[in-house]
Amino acid sequence: MADNSMTPGENARVVASMVREEDLDELKDLHADIQKRIDAAHQDGRLFMMGQYVRLLALVTPEIDRIQKRFNRETLATHRKEQ
């Protein structure tokens with residue numbers, strides 16, 4: 001296993017800095033798709049798959065929120081810096 005001498009927190013910050021608007025859009029599309037699958041599974045009575053989709057949605061939703069908040073903070077920081 002390669003040692004890149006970064007802590008997990010440092011690695012997470014590096015990865016987070018590489019997130020683009022397109023990534024956020026793709027996550028939002030995934031969120032909508034999962035929501036449609038939840039609705040379809042509910043209508044078909046497929047409770048197991050509905051539960052799995054809900055678990056996936058629970059992973060995706062906070063990531064979308066986190067990324068949107070980060071973009072908002074960066075935008076505000078840019079405005080403050082320009083001021």
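The model is a predicted one. The protein has three helices and zero strands, so read from the N terminus the elements simply go α-α-α. Of its 83 residues, 16% are buried.

Helix α2 covers residues 21-44, and its length checks out: at 1.5 Å a residue, its 24 residues should span 34 Å, and the end C-alpha atoms lie 35 Å apart, which agrees. Four residues of α2 are buried, namely Leu-24, Ile-34, Ile-38 and Ala-41. Part of what covers these buried residues is α3, residues 47-82.

As for how the two helices sit together, the axes of α2 and α3 come within 9 Å and cross at roughly 155°. An angle over 145 degrees counts as roughly antiparallel, and α2 and α3 are therefore roughly antiparallel to each other. Their crossing is left-handed. On the α2 side, the residues making the contact include Leu-24, Ile-34, Ile-38 and Ala-41, along with Glu-21, Lys-28, His-31 and Arg-37. From α3, the contributors include Met-50, Tyr-53, Leu-57, Val-60, Ile-64, Ile-67 and Phe-71, as well as Thr-61, Glu-63 and Gln-68. Sorted by type, the residues of this contact come to 15 nonpolar, five polar and four charged.

Note on methods. Residues are numbered from 1 along each chain as its sequence is written. This is a predicted model: local features need pLDDT of at least 70, side-chain atom pairs count only at pLDDT 80 or more; totals for chains, interfaces and linings use all residues. Side-chain values use heavy atoms; hydrogens and water are left out. The expected span of a helix is 1.5 Å times one less than its number of residues. Buried means under 20% relative accessible area, exposed over 50%, partly exposed in between (1.4 Å probe, protein chains only). Contact means heavy atoms within 4.5 Å. Axes are lines fitted to C-alpha atoms, for helices over the stretch in contact, and angles run from 0 to 180 degrees between N-to-C directions. Angles under 35 degrees count as roughly parallel, over 145 as roughly antiparallel, 65 to 115 as roughly perpendicular and the rest as oblique. A crossing is left-handed if the near helix is turned anticlockwise from the far one by less than a right angle, and right-handed if clockwise. Ala, Val, Leu, Ile, Met, Phe, Trp, Tyr, Cys and Pro count as nonpolar, Asp, Glu, Lys and Arg as charged, and the others, Gly among them, as polar.
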